[in-house]
Amino acid sequence: MLKFKRLDIKNFGPFRGEQTIEFPNQQGVTIVYGQNGRGKTTLLNAVRYVLYGYFITRGSKELEFQKVINTDALEIGEYEFSVTLVFIYGGNEYELSRVAKPKDSSKKPKIHNDYEQEFFLKRDGIIIPISDTERVLEQIMPEQVSRFFLFDGELLQEYEELVAKKSETGRKIKESIERILGLPLLTESRTIMQILKQQAQTQQAKTAQANKSTVEVGTHLENKTKEREEQQKELDRLLQDHKHMKKQKLQLEIELKKNKNALSLLDEKDQLEKSIDAELKKQDIKYEKIRESMIDSWRWLLNDKLELLLDKGGKELSQLRTKEAERTISEDIKRSLEEAISIKKCPTCEQDIENSLIEKLQQKIQNLNAKLTDEEIKRLKYLSSLQSKVKEIKTETKRNIVFELINDINDILIDVNDKRDKIKEIKELVEGIDEEKTRKINNDLKNIDEDVILLEEGIRNQEKVIADVNYDIEKLSDRLKSLGNKDIQKDKCRTELYENLHKLFDKGIAEYRDELKNRIQEDATILFQSLTTEPEYTGLRINDNYGLTIVRNDGNDVLVRSAGIEHIVALSLMGALQKNAPFRGPIIMDSPFGRLDDEHAPNVVSTLPIMAKQIVLLVFKKELTPAMAREKLQTKLISEYSLERVSSSFTQLEKK
Amino acid sequence: MSDINALTKTLIKIQEDEFPEVPPNLITEIMKIQDSYSQNRSEAMKKIGKIVEEHLNSKEFE
């Protein structure tokens, strides 16, 4: 088991001068409290730096020393920074130091290349030769599993990648999980059995060639083994390309993750811009319709007045026309009466008319002589002409249609303005992010995905070619067995033994993997149940990537998880891995409670001591108050430090 | 950094069920070698080759 004893840092980040954290010998939790910017993540990076020689910022590896050295120290001519970690492993005390100093001590270092690094590892006070240092460290705490011991709470989100398919980050984490669980020992054994089997077959061919009765088959076998070697070289080349491509893909994923939020905002911005274009086109169509409708619009303005005119003139015209009609009728009557008087007979019944009646009729004729005055005739003509002209001018109004179109346009304008405001907000949010670069990364990732698919198809084809050659080799090997002497029998037996061992390890990998998954699922579920506050969540289900899905009490999966719940699931996985891993060591957690609410955080604090024997928490007080830490951890809280601000570039570590 | 006992137990179970012709002690020895030389493949191969040869030499061939 690995146990930290002391960490010394000098001029590293905000830690000016030499500062030390002592880790007590007993089991439990050490807490370092510090507000944002005081150096919590720097402390985590100090441990990472001394162990592996790099820092991690925003999820990616960095190695730029000029960014690490304390700026105050640099100003006063102290150009060197260092970290020393003292730890116990296997009963021995180790002291590991990394010192970065300028290549030219008289010159102020400005860039990474201005520095050189020294690296020492002592075991029980004796320096281990530099050639062995990396190997010893690799045995004590391999870098590939460091993510389970040195972790940034903000990066716990990465573990959701295990649930996602086709993610390179997920594949990388899976690899680390299997490594911490000890699976590489089996996979390496399987590879060795494969190599030894092939060597045995080559040996078999050589032995057969030395014997007259088997020389022909032996030569054939040798040719086939050589062919396999060539094909294997091609496969290795493809696998190398694949590995390189996967590495590139991982880098792109990490880069993209940094700007993941920005990318989705940029996509949203693109959608909004497209939507605005579509809305503006609709607006143009509506304006065109309004223009068409407005061609006779001047007439609509006259309609009311014309209506009034028609109404008023119409009445007078009607009176004049009635009068005119009456006059026409009177003329007819007058003519009939005058005829009757002249012949003194009724034109209808032809009876004689008496003189007394003629006088009356003459009187009547006199009365019928009433005519339209000239003025009235003129007026009648004027009004008739006016009416026909007004009817000509008056037209059907399209006012309602235009109003509807105007309303539509107003709606569009409101919508477009809302969208423009949203775009403005997005632009403010993504300010400083290289939009073009982010999009390029996204495109590169898509392209590399396609290339990986093609390459994997090529690898499968090449594997098939090798499998065909292997089939021929097996057949030739079998033939030799029936033909051969004692030496050939022995060669064949060797080949078969390696073949069986290869199959056995292959099966062992599958079975051990299943066994591990079951154990991880079981232990993670127990932890999850003690951490979650949601009674409907009954457990976790593991997938082939060791990704954990929450299962509800109705048996259904929880498909959408909040950042906080994601955090709880990741911590459950961490705890289960710690329990099942052969490797035991300290866990350093940076801001592990940032995403947790005030119900989950105390649960996690209480559970920490069962996750590992030595835990160092780097927290800010709002995330975990000293009172809560003491209440929940009690005797398991073994030491407390705080990061006190001296200035913006100077933090002092103080033991509480 | 492996639980060598758990790994070996899994392999021996498979050997008993499916590969009775493979000597179980050979598996145990291979696992020990692998555990000791996990950082050095060529050395591990040499050691494994040696114990396999010892096993073959102990057998009779006609």
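Biologist: Which helix of chain A holds A:Asp478?
Modeller: This is a predicted model. In it, A:Asp478 belongs to a helix spanning residues 435-483 of chain A. That helix is H12.

Biologist: Is A:Asp478 buried or exposed?
Modeller: Count the other C-beta atoms within 10 Å of A:Asp478: there are 12. A residue with 12 or fewer counts as exposed. So A:Asp478 is exposed.

Biologist: What distance separates the C-alpha atoms of A:Asp478 and A:Lys492?
Modeller: Along the chain, A:Asp478 and A:Lys492 are 14 residues apart.

Biologist: Is the crossing of H13(A) and H1(B) left-handed or right-handed?
Modeller: H13(A) passes H1(B), and the crossing is right-handed.

Biologist: Which residues of H1(B) meet H13(A), and how do the residues of this contact divide?
Modeller: From H13(A) come A:Leu504, A:Lys507, A:Gly508, A:Glu511, A:Tyr512 and A:Glu515. They meet B:Leu7, B:Thr10, B:Leu11, B:Ile14 and B:Gln15 in H1(B). The residues of this contact divide into five nonpolar, three polar and three charged.

Biologist: Which helix of chain B gives the most to the side that touches chain A?
Modeller: The whole contact takes 26 residues from chain B and 27 residues from chain A. On the chain B side, H1, H2 (24-36) and H3 (41-57) each supply at least two residues. The chain B side divides into 13 nonpolar, seven polar and six charged residues. With seven residues, the helix that gives the most is H3(B).

Biologist: Now the strands. Which residue of S3 of chain A stands opposite A:Ser642 in S15(A)?
Modeller: S3 (residues 28-33) and S15 (residues 637-647) of chain A run parallel, joined by five bridges. Opposite A:Ser642 in S15(A) stands A:Tyr33.

Biologist: Which residue of S16(A) stands opposite A:Ser642?
Modeller: S15(A) and S16 (residues 650-655) of chain A run antiparallel, with six bridges between them. They form a hairpin with two residues between the strands. In S16(A), the residue opposite A:Ser642 is A:Glu654.

Key. Residues are numbered from 1 along each chain as its sequence is written. Chains are lettered from A and ligands numbered from 1 in the order in which they are written. This is a predicted model: local features need pLDDT of at least 70, side-chain atom pairs count only at pLDDT 80 or more; totals for chains, interfaces and linings use all residues. A crossing is left-handed if the near helix is turned anticlockwise from the far one by less than a right angle, and right-handed if clockwise. Helices (H or I, at least four residues) and strands (E, at least two) are DSSP runs, numbered from the N terminus. Two residues are in contact if their C-beta atoms, placed from the backbone, lie within 7 Å. Ala, Val, Leu, Ile, Met, Phe, Trp, Tyr, Cys and Pro count as nonpolar, Asp, Glu, Lys and Arg as charged, and the others, Gly among them, as polar. Two strands pair if DSSP finds at least two bridges between them. A residue is buried if 20 or more other C-beta atoms lie within 10 Å of its own, exposed if 12 or fewer, and partly exposed in between; C-beta atoms are placed from the backbone.
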